[in-house]
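Visitor: Before we look at any particular feature, could you show me how helices and sheets are to be read here?

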Amino acid sequence: MALLPLVGSDTVVPLTVPLDGETSVRYANLDYAASAPALAAVAEAVTRALPLYASVHRGAGYLSQVSTALYEQSRTAIGRFVDARADDVVVITRNTTDSLNLLAGCLPDGARVLVLDVEHHANLLPWQRHGADVLGARETVTATLGALASALATRNFSLLALTGASNVTGESLPIADVVRLAHHAGVRVVVDAAQLAPHRAFSLVETGADYVALSGHKLYAPFGAGALIGRRDWLDAGRPYLDGGGAVTNVTVARTTWEPAPQRHEAGSPNVIGAIALGVACTEISGIADELAVHDRDLRGRLVAGLADVPGVEVLRLWSDSDEPVSVVSFTLDGHDAGLVAAFLSAEHGIGVRDGRFCAHPLLAARGLDTGALRASIGLGTTPEDVDRLVRAVRAYVTEGPRAAYTVVNGRWQPVDDQRELPEAVALLHALHADADARSVLATAGVSAGCGPAPSVIQVLAGVAR
Ligand SMILES: Cc1ncc(COP(=O)(O)O)c(C=O)c1O
């Protein structure tokens, strides 16, 4: 039983070859770091909000006012979730990428940014565009903190962009210590909490960090909203993220007067439903923060111990002396292609993991892993059985190899002649779309739209991708 009920936690998926006599199995989702399923409470809140949905901020109608109240209440809940200071601003964005790009656009003129080479691209590329200095992480936390302190002392930086938890290893530097170092040098800190927030409580007040960015879809609220929370001055002075309605106080043909933040950066009709979903997730998750941390540690420990017993498996770590990472575990299988192993885990065991370079190319390259690795990530719905299943399946791969044949299609490993059927919901969606559309998708996929077996997911996706 999950700590909080999730939508779809009993979903059953088909297998390409029977496993213990079964042709389908409950999906073992070990890919929470990519995107997490919705909390049942989030889905219920969205369902309850939809009949009340109307435009926000501008409407005089009753439902506009109700929707505005729900939207603004969500902003407050998001701020509370990260323990924002009273004068911090909560900007509702699309996701962490959006939040960090927004902040990058608000950097004061001439601001220099410092960032480590272990970051997700979302916390690297917006700064790279501004000519950031990229510092190579050292082999220990202690040495990396030392290198950061030296770098901060040598140049006149304005901002340090720091991961709250690596999306590859789950590790982090001690955030409050880094903030102290940075502030000592007069440098602000933005924390990329995309992976931290779903696992551990985070406090702007306690860490002293100046900004934090997060994504709703990784926080059990997959309705397209994220947030940037932090100091008002740069956000008030910075160029509005988008030009458009809702962000302005007055416009003449010659000149526009902009609102302060957050409205300044929320031009256009906002994602009210996404914000409501994110607000609910924040409140629900802060209510179980302690249990969540224990769940996370137990299952990560079980996974790492299980993998350590499989010959040829190496779990990646950035630092030998880091604190307990969050439950994002990347590993390699000596001599085996990560993409093929991931396809095998899905097709023959009903397990979802991630493979590749995890949008952290410099981190993988620095460790000689240009061909990628596998990543298993644990979340609220993960059970000990899921973890054990993954360990058993990885062992079976190493000792017995795959039972089906695999080939590369559009750059990804897939079972040859994949006969897994589409879930009913997908078939229903096909039926819902215009006949012509459905037919053209199926025709591109090279399958008949008439009677007969439903096309497999892979057949349809391959057709769409061409
Ligand atoms: C550490 C980290 N930062 C940023 C991002 C970007 O998040 P999003 O795709 O929601 O913008 C991710 C996504 O995986 C991530 O893991």
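Guide: The angles run from 0 to 180 degrees between N-to-C directions, and the axes are lines fitted to C-alpha atoms, for helices over the stretch in contact. Helices (H or I, at least four residues) and strands (E, at least two) are DSSP runs, numbered from the N terminus. This is a predicted model, in which local features need pLDDT of at least 70 and side-chain atom pairs count only at pLDDT 80 or more, while totals for chains, interfaces and linings use all residues. Residues are numbered from 1 along each chain as its sequence is written.

Visitor: At what angle do α5 and helix α6 pack?

Guide: The angle between α5 (residues 141–154) and α6 (residues 175–184) is about 20 degrees, and their axes are 9 Å apart. The two helices, α5 and α6, are therefore roughly parallel to each other. A crossing is left-handed if the near helix is turned anticlockwise from the far one by less than a right angle, and right-handed if clockwise; that of α5 and α6 is right-handed.

Visitor: Which residues of α5 and α6 meet?

Guide: Two residues are in contact if their C-beta atoms, placed from the backbone, lie within 7 Å. On the α5 side these are L145, L148, A149 and L152, which meet D177, V178, L181 and A182 of α6. For classes, Ala, Val, Leu, Ile, Met, Phe, Trp, Tyr, Cys and Pro count as nonpolar, Asp, Glu, Lys and Arg as charged, and the others, Gly among them, as polar. On that scheme the contact of α5 with α6 has 7 nonpolar, no polar and 1 charged residues.

Visitor: How do the axes of helix α2 and helix α9 cross?

Guide: The axes of α2 (residues 62–81) and α9 (residues 272–286) cross at roughly 40 degrees and come within 8 Å. That makes α2 oblique to α9, and the crossing is left-handed. Among the residues that make this contact are L70, Y71 and F81 of α2 and I276, G279 and C282 of α9; by class, the contact of α2 with α9 has 10 nonpolar, 6 polar and no charged residues.

Visitor: What is the order of the 7 strands in the open sheet?

Guide: Two strands pair if DSSP finds at least two bridges between them. The order is β4-β10-β9-β8-β7-β5-β6, with mixed pairing. At the edges stand β4 (89–93) and β6 (133–135), each with a single partner strand, so one side of each is left without a neighbour in the sheet. Neighbouring strands of this sheet are turned by 20 degrees against each other on average, direction ignored. Between β4 and β10 (residues 226–230) the pairing is antiparallel over 5 bridges, with V90 opposite I229 in β10. Helix α3 (residues 96–105) packs on this sheet, where it touches β4, β8, β9 and β10, and its direction makes about 40 degrees with that of β10.

Visitor: How many residues surround the ligand?

Guide: A residue is near a molecule or strand if its C-beta atom, placed from the backbone, lies within 6 Å of it. The ligand is surrounded by 13 residues, and the closest are N95, T97, N167, A194 and S215. The shell divides into 2 nonpolar, 10 polar and 1 charged.

Definitions and conventions
Angles under 35 degrees count as roughly parallel, over 145 as roughly antiparallel, 65 to 115 as roughly perpendicular and the rest as oblique.
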